[in-house]
Amino acid sequence: MLVSMQLRLPPSVTNTTLFAPVKTLLSNACLSRLCSMSVPHARPFHLPRLSLRSPSQLVVDEEQLADGRPDCAGAPAAECCLVPAGLRRESIPKHVAIIMDGNRRWAQLRGLPASSGYEAGVRSLRLMVELCCKLGIGVLTVFAFSTDNWFRPKVEIEFLMSLFERGVREELESFLREKIRISIIGSTSKLPNSLQKLIVNVEETTKNSSGLHLIVAVSYSGQYDIVQACQRIAMKVKDGVIAPDDVNESLIEQELVTNCTQFPYPDLLIRTSGELRISNFLLWQLAYTELFFAKSLWPDFGEIEFLEALHDFQRRQRRYGGSCFK
């Protein structure tokens, strides 16, 4: 678990020394309020201070701080007016997808069992959820377990299923408190019965949550996702519900498992561990997604690496197949 977040500054740090690079952005009254501001930390898992490592990394929305307006999926303005320097809030991706790769290698490099790597990976996922909430990202989709992973040793699969079930149970209260909606996509019929029942419960319990939509791909295959969508459409054609000429991209999108979200197409895909492939993940949905490949193993992927990916994303010019002439 991460330590609780406190935005109260140490006595040795003055307004002048900390905020000199940005003092033109803030009134003295606003600076005084910011320095004395603290954030309630009733929840058991909290984000460390977001990009307060140096004054040059701090950008404050003075207007939001002054009137306390909500932002960032309903979080108080005091929690979300701190934006990493160089990031434009209006260009924050609506949907981020992550291939969480490198857990076993992380453990091997440290002489630890694979289980330690997976547990460390869960901590990284929790941090990403917190960061997405803070930055106002609407959807986070993570690749937790592929259909190919069923060929791994039985003891490893059993551990992963147990870890997944335990993690969901432990975090359910936090999900509700933070208004996080949970969806599980993939062939869930292959999962243990207890886990299947838990998935139904957590999806039903959080379905009306208005904050971050966390989508977890378990026993998932991008190829099969397209196949099952085509099968469903074929049955509709056979039953006379639709005509063959009615089949188009929009209809296929409606039959994919990502139809659970308002934003089914990720703006940004991040893959960790240095591998340069998408490994059968969201094949249809990634058609125009920006790809970012990080060298860090998943348990080492933290705030700095995530913000680097967002900076890289915002530097790109998305054309969607078109051309820009100046």
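Colleague: Is the crossing of α7 and α8 left-handed or right-handed?

Modeller: The crossing of α7 and α8 is left-handed. Please bear in mind throughout that this is a predicted model.

Colleague: Which residues of α7 and α8 make the contact?

Modeller: On the α7 side, the contact is formed by Met 161, Phe 164, Glu 165, Val 168, Arg 169, Leu 172, Phe 175 and Leu 176. From α8 come Ser 194, Leu 195, Leu 198, Ile 199, Asn 201, Val 202, Thr 205 and Thr 206. By class, the residues of this contact of α7 with α8 comprise 10 nonpolar, 4 polar and 2 charged.

Colleague: At what angle do the axes of α6 and α11 cross?

Modeller: The axes of α6 and helix α11 (residues 303-315) cross at roughly 50° and come within 10 Å. α6 and α11 are therefore oblique to each other, and their crossing is right-handed. The α6 residues in this contact are Leu 127, Met 128, Leu 131, Cys 132 and Leu 135, while α11 provides Glu 303, Phe 306, Leu 307 and Leu 310. The residues of the contact of α6 with α11 divide into 8 nonpolar, no polar and 1 charged.

Colleague: How does one read a nonpolar core, and which residues have the most contacts inside the largest one?

Modeller: In soluble globular proteins, nonpolar side chains tend to be buried together. Here the largest nonpolar core has 49 residues, and those with the most contacts inside it are Ile 98, Met 128, Leu 140, Ile 270 and Phe 306. Helix α6 (residues 114-135) gives the most to this core, with 9 residues. Another core, of 13 residues, lies apart from it and includes Phe 143, Ala 217, Leu 269 and Phe 281.

Colleague: With which residues is Phe 306 in contact, leaving aside its neighbours within four places in sequence?

Modeller: Beyond those neighbours, Phe 306 is in contact with Val 96, Met 128, Leu 131, Cys 132, Leu 135, Ile 137, Ile 270 and Phe 301.

Colleague: What proportion of the chain do buried residues make up?

Modeller: Of the 326 residues in the chain, 47% are buried. Its secondary structure comes to 11 helices and 8 strands. Where contacts join residues at least 6 apart in sequence, 76% of them join residues at least 24 apart.

Colleague: Is His 213 buried or exposed?

Modeller: The cut-off for buried is under 20% relative accessible area; His 213, at 6%, is therefore buried. His 213 lies in strand β6 (residues 213-220). Leaving aside neighbours within four places in sequence, His 213 is in contact with Gly 138, Val 139, Leu 140, Arg 181, Ser 183, Cys 260 and Thr 261. The C-alpha atoms of His 213 and Ser 183 are separated by 7.5 Å, although the two are 30 residues apart along the chain.

Colleague: How does Glu 255 read on the same terms, buried or exposed?

Modeller: Glu 255 counts as buried at 11% relative accessibility. Glu 255 lies in helix α10 (residues 249-255). Not counting residues up to four places away in sequence, Glu 255 touches Gln 228, Ala 229, Arg 232, Ile 233 and Lys 236.

Colleague: Where are Lys 179 and Leu 282 found?

Modeller: Lys 179 is in the loop between α7 and β5 (181-185) and counts as partly exposed at 45% relative accessibility. Leu 282 is in the loop between β7 (268-271) and β8 (290-293) and is buried, with a relative accessible area of 0%.

Terms used:
Residues are numbered from 1 along each chain as its sequence is written. This is a predicted model: local features need pLDDT of at least 70, side-chain atom pairs count only at pLDDT 80 or more; totals for chains, interfaces and linings use all residues. Side-chain values use heavy atoms; hydrogens and water are left out. A nonpolar core is a set of buried Ala, Val, Leu, Ile, Met, Phe, Trp, Tyr and Cys residues joined through side-chain atoms within 4.5 Å. Buried means under 20% relative accessible area, exposed over 50%, partly exposed in between (1.4 Å probe, protein chains only). Helices (H or I, at least four residues) and strands (E, at least two) are DSSP runs, numbered from the N terminus. Contact means heavy atoms within 4.5 Å. Axes are lines fitted to C-alpha atoms, for helices over the stretch in contact, and angles run from 0 to 180 degrees between N-to-C directions. Angles under 35 degrees count as roughly parallel, over 145 as roughly antiparallel, 65 to 115 as roughly perpendicular and the rest as oblique. A crossing is left-handed if the near helix is turned anticlockwise from the far one by less than a right angle, and right-handed if clockwise. Ala, Val, Leu, Ile, Met, Phe, Trp, Tyr, Cys and Pro count as nonpolar, Asp, Glu, Lys and Arg as charged, and the others, Gly among them, as polar.
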